[in-house]
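I opened the notebook to record what I looked up in this structure. The entries follow in the order I made them.

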Amino acid sequence: MTTETSPAFDAIIIGAGMSGLFQLHRLRELGLKVRIFEAGTGVGGTWYWNRYPGARFDSESYSYGYSFSKELLAEWDWTEHFSPQPETLRYLNHVADKFDLRRDIQFRSKVAAAHWHEESRNWAVTLEDGSTHTARFLITAIGPLSAFTMPRIEGIDSFKGQSCHTARWPHEPVSFEGKRVAVIGTGATGVQTIQEVAKTAKSLTVFQRTPNWCAPLHNRKIEPDEMARIRADYPEIFRRCQETFACFLHTADPRGTFDVSPEEREAFFEKLYGEPGFGIWVGNFNDILTNREANALISDFVARKIRSRVKDPRVAEKLIPKNHGFGTRRVPLETRYYEVYNQPNVELVDLTETPIERITPTGIRTSAREYEFDMIIYATGFDALTGAFDRIDIRGVDGRSLKEEWAGGAETFVGMSVQGFPNMLMLLGPHTALGNIPRSIEYNVEWVTDLLRFMRDRGLTRLDARPEGVAEWMKTVHEASVGLLSNEVNSWFTGVNTNVEGKQTRRIARYSGSAPAYRARCDEVAAHQYREMDLR
């Protein structure tokens with residue numbers, strides 16, 4: 001017999017980033033009593049934590065912001081085509097103030113555990129301070145790239161100078177003037193950081209394990225008259241994002257790489273390389289991510305660009321990836337990144353040749369020599385997709401641990417529900433559509449809100465995924481990945497992180513189908529009144 005008891009809240013949301021803020025706004029409109037628990041001291045999620053120099057969008061600003069409020073669209077001016085972190089954080093604080101969201105957010109409140117209690121049909125959420133709070137529904141708004149990872153290097157705590165991970169950058173200004181600085185890592189955050197540090201540091205030493213294919217961002221300011229034109233175009237901008245494969249303003253060209261002459265192909269590559277944003281990655285010929293010969297041609301094109309921009313041929317070769325093709329890992333966008341290596345104050349250390357042996361009190365020791373530094377920056381990325389879930393003790397029916405359930409790979413229903421974890425909904429679970437994230441956020445929040453409205457209107461209090469629904473969705477996830485060259489590469493796309501125990505083997509870790517196909521599937525579930533879920 002089940003005994004239901006009234007919880008303190010109708011819903012608890014973990015995280016006050018873009019998804020948590022919008023979900024709070026929508027659930028309030030349903031008349032629900034909601035509380036967000038946020039580990040930080042302010043709103044913003046990704047844009048609160050990642051304050052490192054150079055942090056900015058690689059989606060066009062006006063395609064990234066919220067679209068749900070015409071008033072918000074009318075009153076906010078973006079100053080750059082690819083907004084820098086401080087501006088984005090101001091934007092999200094503006095949203096929190098405009099919709100009076102802070103009164104339902106509890107800051108400095110890191111969630112340590114969330115346990116489902118079948119007898120009361122409630123979640124018990126325990127914070128790090130030991131306090132416990134109950135809710136009918138648990139909604140995770142913790143993001144796919146939020147659980148940062150440090151490298152497995154001995155002696156990290158022994159360093160006497162200043163050091164930090166890019167995702168835990170100090171809130172006060174940091175100067176590199178006159179300092180000897182090390183950056184470990186050349187992923188997207190590393191590239192952005194390196195570009196800025198190199199401008200003023202006495203010396204910058206970049207420790208690179210795996211080079212990435214980078215493409216120019218081509219950012220520029222937005223003047224007031226241009227912002228007025230953008231504002232008038234908002235309906236078309238968001239319509240375009242709804243139609244494209246990954247919700248960017250760019251989508252694959254209908255032609256294949258070999259449908260055109262070599263001269264036309266080269267001209268098209270040049271055009272994309274000279275345009276802003278992700279066009280060269282997601283707006284290229286439609287087979288560059290699936291056809292090995294096509295991928296070799298775009299990889300060769302970008303390699304030639306790197307060689308033309310880096311004066312020392314030996315350094316250029318170190319910056320050209322040899323173990324994966326262009327676009328098969330996440331492509332960092334850059335602003336004069338390669339030119340940094342022409343500066344006399346910058347040195348590149350190839351860790352495949354001379355690996356780091358340990359961090360010392362004064363710097364870094366590799367197999368070749370000792371380096372002395374005033375500051376070490378760890379740009380070593382995130383335990384992606386499932387890492388943020390793994391760091392919370394989430395337990396479902398019969399005390400089942402989510403981390404243990406997912407040890408062999410996550411399984412979900414449409415990326416938003418996990419069988420055996422009733423009343424838990426994930427706004428950016430491991431199998432939701434990625435790409436231009438806020439477009440996915442808005443859809444997922446609306447879907448969750450409609451589901452909870454449906455339940456409220458029918459007096460239903462318990463939801464769960466059905467095993468057959470999970471099996472069918474995971475079949476869809478696997479089918480969407482067939483033929484992708486990225487499946488042959490170690491990256492967070494394939495669930496690999498050498499800094500995390502148990503994540504050394506490739507697996508189908510994400511949904512890699514199109515966003516329109518994802519939304520169509522979720523719409524179908526709703527249209528059939530969620531019969532594919534177990535609602536009681």
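Entry 1, aspartate 104. I looked up its accessibility and got a relative value of 15%, so aspartate 104 counts as buried; buried means under 20% relative accessible area, exposed over 50%, and partly exposed in between, with a 1.4 Å probe and protein chains only. I placed aspartate 104 in the loop between helix H5 (85–98) and strand S3 (105–106). Helices (H or I, at least four residues) and strands (E, at least two) are DSSP runs, numbered from the N terminus. I then listed what aspartate 104 touches, leaving out residues up to four places away in sequence: Leu24, Arg28, Val34, Arg35 and Ile36. A contact means heavy atoms within 4.5 Å.

Note on the source. I am working from a predicted model, in which local features need pLDDT of at least 70 and side-chain atom pairs count only at pLDDT 80 or more, while totals for chains, interfaces and linings use all residues. Residues are numbered from 1 along each chain as its sequence is written, and side-chain values use heavy atoms, with hydrogens and water left out.

Entry 2, strand S1. Which strands does S1 pair with? I found S6 (residues 132–140), parallel to S1 over five bridges, and S2 (residues 34–37), parallel to S1 and joined by four bridges. Two strands pair if DSSP finds at least two bridges between them. On the S6 side, I noted that alanine 11 has phenylalanine 137 as its bridge partner.

I found glutamate 339 in helix H13 (residues 337–340). Is glutamate 339 buried or exposed? I read a relative accessible area of 18%, so glutamate 339 is buried. From glutamate 339 to serine 308 I got 9.9 Å, C-alpha to C-alpha, across 31 residues of sequence.

I counted 18 helices and 20 strands. The radius of gyration is 24 Å, close to the 24 Å that the globule rule gives for 536 residues, so the chain is as compact as a globular protein of that length. That radius is taken over C-alpha atoms, and the rule is 2.2 Å times the number of residues to the power 0.38. Along its principal axes, the C-alpha trace spans about 75 × 55 × 45 Å. I noted 59% of the 536 residues as buried.
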